Amino acid sequence: MSDSPSSSPENAPEAGSASSSRAPRGIKSYVLRAGRMTVAQSRGLEEVWPRLGLSVADGRQSLETLFGRQAPCVVEIGFGMGQSLVEQAAAHPETDFIGIEVHAPGVGKLLDEADKRGLTNLRVYREDALEVLGKCLPESSLTGLQLFFPDPWPKKKHHKRRIVQPAFVELVRTRLAPGGYLHMATDWEAYAEHMVEVMEAAPGYRNTASAESAPYVPRPEFRPLTKFESRGEKLGHGVWDLIYAREDG
């Protein structure tokens with residue numbers, strides 16, 4: 001996962017710790033990696049970005065104005081190559097989606113695929129997610145926020161880089177509408193345990209898991225099974241899903 005760079009898709013701001021209105025600079029939970037661009041990815045960035053791309057420089061958004069309608073809105077942080085997000089946007093045209101990712105190949109691929117499918121309910125930030133949450137998305141506006149397979153930073157000395165921290169989940173809570181959900185998934189059991197620890201201590205959230213499966217939930221049908229996850233399942237790797245709902249008004 002990456003949390004997602006700046007007004008043009010060529011420049012990335014630094015990450016910050018979360019607050020309800022802004023994201024001060026702090027420890028990054030991602031590392032930008034160089035990578036070759038395919039023709040399709042370059043096309044996405046060059047031709048589709050002007051229509052579907054957003055930047056922190058655009059300021060606070062009105063979701064109704066942005067999409068031209070009133071509809072549920074779901075944000076996905078760190079969408080990778082975009083497979084899951086594109087599938088969801090295509091399967092749920094009644095819902096609007098905003099993806100946040102810092103890595104250019106993934107952003108380009110998502111944009112190219114969204115354009116080929118004619119999707120109108122998807123917008124993309126190539127920015128730091130904390131900047132987007134703090135400066136661009138209105139409070140109490142989101143139906144859900146998805147964080148699928150974020151970087152687990154498994155070494156203890158790097159745990160401070162994990163995006164799931166108390167300040168982050170509090171910032172997310174302020175952006176969720178009452179009843180809105182934070183859905184996380186990871187294939188690192190130790191990170192799943194860390195997520196549970198942070199969420200159980202966070203005010204204003206309710207774990208939606210049943211007594212039989214708590215604290216985790218079975219993979220919901222609306223979360224597409226990625227190729228990466230499918231390969232892992234065949235190898236016997238576990239995946240842990242958590243869904244917490246904002247319970248305060």
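Me: Where does D151 sit in this predicted model?
Reply: D151 is in the loop between strand 5 (142-148) and helix 6 (166-175).

Me: Is D151 buried, partly exposed or exposed?
Reply: Start from the relative accessible area: under 20% is buried, over 50% is exposed. D151 has 26%, so it counts as partly exposed.

Me: Which residues does the UniProt "binding site" annotation cover?
Reply: The unreviewed entry lists E76, E101, D128 and D151. They spread over 76 residues of sequence but cluster in space. Their largest C-alpha distance is 14.4 Å.

Me: Where is E76, and is it buried or exposed?
Reply: E76 belongs to strand 2 (residues 73-77). Its relative accessibility is 2%, so E76 counts as buried. Its contacts beyond four places in sequence include S84, L85, Q88 and F148.

Me: How do I read the buried residues of a helix?
Reply: An α-helix has 3.6 residues a turn, so residues three or four places apart point the same way. Now take helix 3 (residues 83-91). Here S84, L85, V86, Q88 and A89 are buried. The buried residues of helix 3 pack against several elements, among them strand 2 and helix 4 (104-116).

Me: How many aromatic pairs are there?
Reply: A pair of rings is described by the distance of the centres and the angle of the planes. This structure holds one aromatic pair. Y181 and F222 are 6.2 Å apart, centre to centre, with 50 degrees between the planes, and the pair is tilted. Y181 lies in strand 6 and F222 in a loop, so the pair ties together parts 41 residues apart in sequence.

Me: What lies over the face of F148?
Reply: R223 does, at 5.6 Å from the ring centre.

Notes
Residues numbered from 1 in each chain as written. Predicted model: local features only at pLDDT ≥ 70, side-chain atom pairs only at ≥ 80, totals over all residues. Heavy atoms only, no water. UniProt positions renumbered as here; feature names shortened; annotations may be inferred. Helix = DSSP H or I, 4+ residues; strand = E, 2+ residues; numbered from the N terminus. Buried < 20%, exposed > 50% of the residue type's maximum accessible area, 1.4 Å probe, protein only. Contact = heavy atoms within 4.5 Å. Phe/Tyr/Trp six-rings, centres within 6.5 Å; stacked < 30°, edge-to-face > 60°. Lys NZ or Arg CZ within 6 Å of the ring centre and 35° of its normal.
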